[in-house]
Amino acid sequence: MNVMLLGAPGAGKGTQAAKIIEAYGLPHISTGDILRKAVADQTALGLEAKRYMDAGELVPDEVVIGLVKERLSQPDTDKGFILDGFPRTVVQADALGGVLTELGKELTAVVSIDVDMQALIERLTARRTCKSCKGIFNVIAQPEIANGVCPACDGELFQRDDDTVETVTNRLHVYERSTAPLIDYYEDKGVLRHVDGNRDVEDVWTSVDAILQG
Ligand code: AP5
């Protein structure tokens with residue numbers, strides 16, 4: 001099963017990806033996570049990517065396309081994969097199509113998680129992530145995490161550098177300009193399925209899982 005999750009920043013792609021991993025054990029290909037690891041490891045890629053990420057801008061297409069091509073070539077993706085945060089431009093989507101054809105793979109499901117703009121800002125500025133288990137939480141929905149301790153593993157919670165109001169606002173503009181056109185792109189290919197992401201996590205998951213089960 002080869003799944004793509006589309007949606008604005010904060011739509012819940014990472015949250016639903018964790019549910020898919022739990023249910024189906026698919027490898028998770030999140031370009032945001034790959035880039036954040038490169039930043040943390042201070043690699044050449046990370047040093048280049050950081051200035052785009054901190055500003056809420058997209059990292060250049062050729063950089064992320066190369067990363068995803070390399071990742072999709074690894075054998076663990078033969079049983080399926082979850083693409084999260086890629087593609088984000090039409091150039092990336094075209095490149096992905098070419099890579100999948102080369103590898104003899106195709107997308108099983110493209111799921112668009114649709115959430116109202118105001119809710120996105122609230123979700124992102126209240127997001128906390130665990131340094132240890134990578135769990136995603138929300139300090140408004142889960143006020144008990146205000147102590148900075150992960151409720152799943154007791155690890156340390158942190159706020160992403162790009163989750164400030166200013167950067168979030170730019171990320172949402174960038175989404176509208178560069179990524180939202182992918183809705184029509186995949187709609188035209190007849191593979192897009194919409195999910196109302198304004199509901200709680202479990203209700204969204206019920207809809208996502210129903211799509212995955214065909
Ligand atoms: P990336 O890490 O991909 O961030 P994003 O797409 O902006 O998405 P997020 O991770 O912010 O949100 P999400 O949809 O996963 O929501 P989540 O589940 O965490 O990219 C970061 C940066 O890297 C980009 O800005 C860019 O610079 C670069 N980059 C990455 N990919 C790139 C690419 N392909 N090309 C170029 N550059 C790229 O949930 C958010 C919050 O909401 C959490 O607190 C969660 O608990 C809560 N929540 C989730 N679901 C619900 C729900 N149903 N109800 C209530 N709250 C919910």
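**View 1. Composition of the shell around the ligand in the predicted model.** The shell divides into 14 nonpolar, 10 polar and 11 charged residues. Ala, Val, Leu, Ile, Met, Phe, Trp, Tyr, Cys and Pro are counted as nonpolar, Asp, Glu, Lys and Arg as charged, and the others, Gly among them, as polar. The model is predicted: local features need pLDDT of at least 70, side-chain atom pairs count only at pLDDT 80 or more, and totals for chains, interfaces and linings use all residues. Residues are numbered from 1 along each chain as its sequence is written, and side-chain values use heavy atoms, with hydrogens and water left out. In total, 35 residues surround the ligand, where a residue is near a molecule if one of its heavy atoms lies within 4 Å of it. The closest are Thr-15, Glu-57, Arg-88, Arg-127 and Arg-171.

View 2. At least two residues each come from α1 (13-24), α2 (31-40), α6 (117-125), β6 (136-138) and α9 (201-212). Helices (H or I, at least four residues) and strands (E, at least two) are DSSP runs, numbered from the N terminus. The most is given by α2, with 4 residues.

View 3. A polar side-chain atom of Arg-127 is 2.6 Å from an oxygen atom of the ligand. Of the 1,000 Å² of accessible area that the ligand has on its own, the protein covers 93% (Shrake-Rupley method, 1.4 Å probe; for residues, only the protein chains shown count as cover).

View 4. In β1 (residues 2-6), 5 of 5 residues are buried, that is, under 20% relative accessible area with a 1.4 Å probe and protein chains only. Asn-2, Met-4 and Leu-6 lie on one face, Val-3 and Leu-5 on the other. Two strands pair if DSSP finds at least two bridges between them. β1 pairs in the parallel sense with β3 (residues 81-84) over 4 bridges, and Asn-2 has Phe-81 as its bridge partner. Another 4 bridges join β1 to the parallel strand β4 (residues 109-114), where Leu-6 stands opposite Ser-112. In β4, 5 of 6 residues are buried. β4 is also joined to β8 (residues 192-196) by 5 bridges, in parallel; Ile-113 is partnered by Val-195.

**View 5. The open sheet β6-β5-β7.** This sheet has 3 strands with antiparallel pairing. β6 and β7 (157-158) stand at the edges with a single partner strand each, so one side of each has no neighbour in the sheet. Strand β5 (residues 127-130) runs antiparallel to β6, with 3 bridges between them; Thr-129 has Ile-136 as its bridge partner.

View 6. Thr-77 lies in the loop between α4 (61-72) and β3 and is buried, with a relative accessible area of 0%. Beyond neighbours within four places in sequence, Thr-77 is in contact (heavy atoms within 4.5 Å) with Pro-27, Ile-29, Arg-71, Leu-72 and Lys-105.

How values were computed
Polar contact = N/O pair within 3.5 Å; in protein donor to acceptor, adjacent residues only side chain to side chain. Buried < 20%, exposed > 50% of the residue type's maximum accessible area, 1.4 Å probe, protein only.
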